[in-house]
Amino acid sequence: MKKKQSVPEEPAEVRLENLVKEEDEENEAPVKAKRSKADHAGEEVVYHPVKLSRNDLYRPPTAEELNQLKEAESLFHCSLLKMQMEELLKEVALSERRKRQIDSFIQTVTKLIQTVPDSPEVEVSDLSWLSGAVKVPFLLVPKTTKGKFHMAPPSSIDLIGSYPLGTCTKPNVMVDLAVTIPNDVLHPKDVLNQRYPRKRALYLAGLAQHLTSSSDIGTMQYSCLHGNRLRPVLLLTPPGKDSSSFTLRVHACPAPGFFKPSRFHPQRNNIRTEWYTGLQTSHSEPPTPHYNSSVLGDLLPRAHLQFLSAVSSQCSAFTDGVALLKVWLRQRELDQVGSSHWFSHLLHRHFALYASTDLTVNGISLAKDPDSTAPSISEFHDAFQVVFVDPSGHLNMCADITACTYKQLQHEASLSMQFWDNPTVDGFQCLLMTPKPMIRTSDHVFQLCELVKLQSSCKKLNLLSELMDHSGDYIHTALPFILSLLQQGLSQRIHLLTHSLSPDPKWSVESEAPKHKAQPPLSFGLLLRTELSSSVLERGPPADSPMAAEFRQLWGPRSELRRFQDGDITEAVLWDGESICQKRLVPKQIITHLLQLHADIPESCVRYVGAMVDDVIKTGKEESLVVVQSYDDLSRKLWRLEGLPLTITAVQGAHPALRYTQVFSPRPLKLEYSFFDREKTSRSLVPKEGKPCPVYITPITIICHMEGSGKWPHDRLAIQHIRAAFHIQLGELLRKHHSYTCRPCPTHLDVWKDGLVFRIQVAYHREPQVLRESLTAEGLLVVRDNDEAQALEMATIHKPLLTSTLHGLQQQHPCFGAACRLAKRWLSAQLFSDDITEDTADLLVASLFLQPAPFTAPSSPQVAFLRFLHLLSSFDWRNNPLIVNLNNQLTAVDYPEIKNGFMATRESLPVMFIATPKDKKLSMWTKRSPSIQMLQRVIMVAAESLKVLENQLIDGSQKQDVRVILRPPLDAYDVVIHLNPKQVPLLDQAVDPPAITFSRGVMSGSVAQPGGPLPVIDYNPVSLYLGELRVSNTSQVSARSVEVTGDEAKTVPNVEAILEDFRIMGKGLVKSVEARTEKWSF
């Protein structure tokens, strides 16, 4: 073994400048040669065409040429990505002006620090030399330790970290300055019992006291490096307007080589039990690997900088790779992971390394020739969950990273590799531009509040040795054990368990160091396995198995013996869950039970926000399932009908309830006949005079396609008559064979079945074409598209196809329907349902499941809803089509074709363009709405709703009222019409329903047998009133009068007439009309 080389004493920044200078000279050489060559070229070069024979011109491409074409195609994708990254690098790189400001401030601070006065030597615990204002940035637990301390000027001041390396990026510009503590201040035995960390903190306090009087320093705060309380730092900002442009982070470090690295072996102890607890012990001292790595980390930053400088000089892409990696980590809230420099300098290779290398099992070492005292990889694995050893061979750079955080890194890298290689995904936008906060990434999120309770967890889990190792930080002590416990309990229910990283606390130099309990709540994220996460049964091993005792130990009193249908008797745990909503919260039951049982964390300390938004949709999947089952039964009976002149070729649902996306799914109703009168001719039910408006019954649309035949006429009016005849005959057959109450109409047939109304529409596949055809005066046949044909095609072809496709998507992703219902609930509550239709909303949500990049497909309605709001507010509707690849029918070739066609005809296309496999060019779903103005308002409200909702979900101290995003602001309206609640049939569906309720002709109990009178169908006075207000011209005619002032004649609204029209048209429904005259201006 070679002996470890001593680190040169010259400042690191000088060496780095030399490296950069040599590299610049090398890079400039070829440029100069190229220019001189061009200067000497005096003659103009003349190119002559190459003559090719006919055979050469038309010969097929060779295999090599085909490979080159394929490479060019993939290269185009990579070239575009490269250009986008280059632009991003320009945005995050420091400008020359900023660098000059930083250099100037560094010089100022360096001069000030070098003039630190000496102080007399005192005991470490004696703080009398400090002024009363400046505090020590350290939690002194235990209170005292041995040792002497005095202030003295530093022996050297060096730049370390990313700034001298050239990898410092915006927006959070942090420049690191290493101040070397003089050797006479420290003692070789200061590694014991927190002596060195306390002296380090005292030295920083002395620097802060000296700098306080300087006007060249702006703000001054303490912080901790990566949240480690043993490594406080001093944060300095320049004065004046540049105070927020960058921060100088001052580290107090020992001289290189002052402590022997072998003293910090992960199996050695440097915190004595007797000193920490005050109790004598006869047991051997436990190792303190985390404490050791904290101290050792202060010895090596200069050596690390030298190593990275050498790597950077050998690889020109290193600097750019690290800068892009920082952006990638920051977007995923992983920028606290401290070793981003240490991975591959090329971004693509970085992802491949993370995705393929499991550092929790097989650690990596950068030490080519470590000395004999360096620990082995296996010894590192015994002490730490993740192992990545630095070039010295002594320090694990990932000592404070949990296995869950590394698994999260692996998961994100694997996803990024998929998106990078997928030509249908905008890799740049997904990888580097889209933020992935935990609340929008994880399916379920929960928080541990009142972190002081983790002290009792450490006691319950018997973690005294680990608590000593973390110097009393009970949060970091308990966290790995809590993660392991939850991982074991959730097991197959989750793909991934993540947790928030420790924030770097900041506090004034005049304040005491914050206690551990002052840390914000710990957040945990679950990425669920859809097929297993909501299972109410946890089936364990057989009763006579050796594993049964371990199962009982894990689940405690919830475990019990159960006999199953296959005859097995096993240990099992049964969780509560009758409805779909309750089953979604089974993970919550598991988490609260395990934390209470094993860690003494009461349920009151667990804030579970996995399904808080679900409460705004009262009904669940069960109601939709009843509708679908009734529809399936009716569909089978229609197929079996005999006696029709033509065969039924298809029965298709065309209603949102049949794809599980209806906000309030139709419910089977049992009518209270005393509430109604009978209509004289048809004997149908009608509401009695003076009674409240009857319950709203929505008809469920079914399209019944009849076979093509020469019997069909070729005249639009005749086809309508034939359809009406089919409606009559279908009604008679259903009444005869199944006793259903039916009411045929020219356009449809209403069927009263199982307390639901199904509206059957007969369709003939050639009718849209017939509507497009017309004869000219000369007798020529002209085919011209028109609104009537498009509407019929939409109703009979496209909507049924969409319904069946989305029904299939619901089978793949069980939370799809609930996510659509949440999205449409928000759109309706914010008064956008006329601008973004139900079908459009369903397609928008479908895109989140079919192309979820940079996320995985949602497995909870709440996270899907948050992504829906983000999609609405952040998608570039002006320059990009939203491509929804239903049934995966679009190929990689279709995507550029759709985008090119979109850009070529952008001005004539809808403002919100949604492309599907059957609609690549027109966006028929958004052809009529929204308008530009309404889309802008949707974007604005969605952005604000997302901000408010995420803040509520993350911050438990806020008022918890998620319905606030469903209450539309009425300030912008000039007139508010108040309705009579008695005549509003959907009153109980209001965001804030009133306490008073009305009987609407419905009884509780099971639905009666088939037959009986037909109820009032599709009657909603509010919708009818709004429709009349929109189409009526009466108010427009009476709302004008002419005002003559001087020589001008102005047309102004007759406000009184408008309001009177509102009252007259809504007689019985309108309670009052509120005119907000202070907002009017004419």
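Leu775 sits in strand E26, residues 773-775, and is exposed, with a relative accessible area of 63%. Keep in mind that this is a predicted model.

**The chain as a whole**

Secondary structure comes to 33 helices and 34 strands. Of the 1082 residues in the chain, 49% are buried. The chain exposes about 53100 Å², and carbon and sulfur atoms supply 53% of that area. Among contacts with a separation of 6 or more, 72% are between residues 24 or more positions apart.

How many of the 5 residues of strand E24 are buried? The count is 5 of the 5 for residues 749-753, so the strand is largely enclosed by the rest of the structure. In a regular strand, side chains alternate between the two faces of the sheet. Here Leu749, Val751 and Lys753 point one way from E24, while Asp750 and Trp752 point the other way.

E24 has a pairing with strand E23 (residues 741-744), antiparallel over 4 bridges. Thr741 has Trp752 in E24 as its bridge partner, and 4 residues lie between the two strands of this E23-E24 hairpin. E24 also pairs with strand E25 (residues 756-763), again in the antiparallel sense, over 5 bridges. In that pairing Val751 stands opposite Phe758. The E24-E25 hairpin has 2 residues between its strands, and Asp754 in the turn has a positive phi of about 55°.

**Salt bridges**

Side chains of opposite charge can pair when their charged atoms come close. The whole structure holds 40 salt bridges; three of them are set out here.

| Pair | Closest N to O |
|---|---|
| Arg200 and Asp298 | 2.7 Å |
| Asp992 and Arg967 | 2.7 Å |

Take Arg200 and Asp298, whose salt bridge has its closest N and O atoms 2.7 Å apart. Arg200 is in helix H6 (residues 195-211) and Asp298 in the loop between H8 and helix H9 (301-314), so this pair links parts of the chain that are 98 residues apart. Both Arg200 and Asp298 are buried.

Asp787 belongs to helix H25 (residues 787-812), whereas Arg928 is in the loop between strand E29 (914-915) and helix H30 (932-954), 141 residues apart. Asp787 is exposed at 51% relative accessibility, and Arg928 is exposed at 63%.

Then there's the salt bridge between Asp992 and Arg967, at 2.7 Å. Asp992 is in the loop between strands E30 (975-979) and E31 (1002-1003) and Arg967 in the loop between H30 and E30, so the pair ties together parts that are 25 residues apart in sequence. Asp992 is partly exposed at 43% relative accessibility, and Arg967 is partly exposed at 32%. Elsewhere, salt bridges with shared partners join Arg659, Lys799, Lys824, Glu838, Asp839 and Asp842 into one network.

**A proline in a loop, and the cysteines**

Pro286 lies in the loop between helix H7 (273-277) and helix H8 (289-297). Is Pro286 buried or exposed? Pro286 is buried, with a relative accessible area of 16%. Leaving aside residues up to four places away in sequence, Pro286 touches Asn269, Thr273 and Ser465.

As for disulfides, the count is 0. The sulfur of Cys449 has its closest cysteine sulfur 7.3 Å away, in Cys605, which is too far for a bond. Cys449 is partly exposed at 22%, and Cys398 is buried at 2% relative accessibility.

Key: Residues numbered from 1 in each chain as written. Predicted model: local features only at pLDDT ≥ 70, side-chain atom pairs only at ≥ 80, totals over all residues. Heavy atoms only, no water. Disulfide = S-S within 2.5 Å. Buried < 20%, exposed > 50% of the residue type's maximum accessible area, 1.4 Å probe, protein only. Pairing = 2+ DSSP bridges. Contact = heavy atoms within 4.5 Å. Areas by Shrake-Rupley, 256 points an atom, 1.4 Å probe, with all protein chains shown as cover. Salt bridge = Lys/Arg side-chain N within 4 Å of Asp/Glu carboxyl O.
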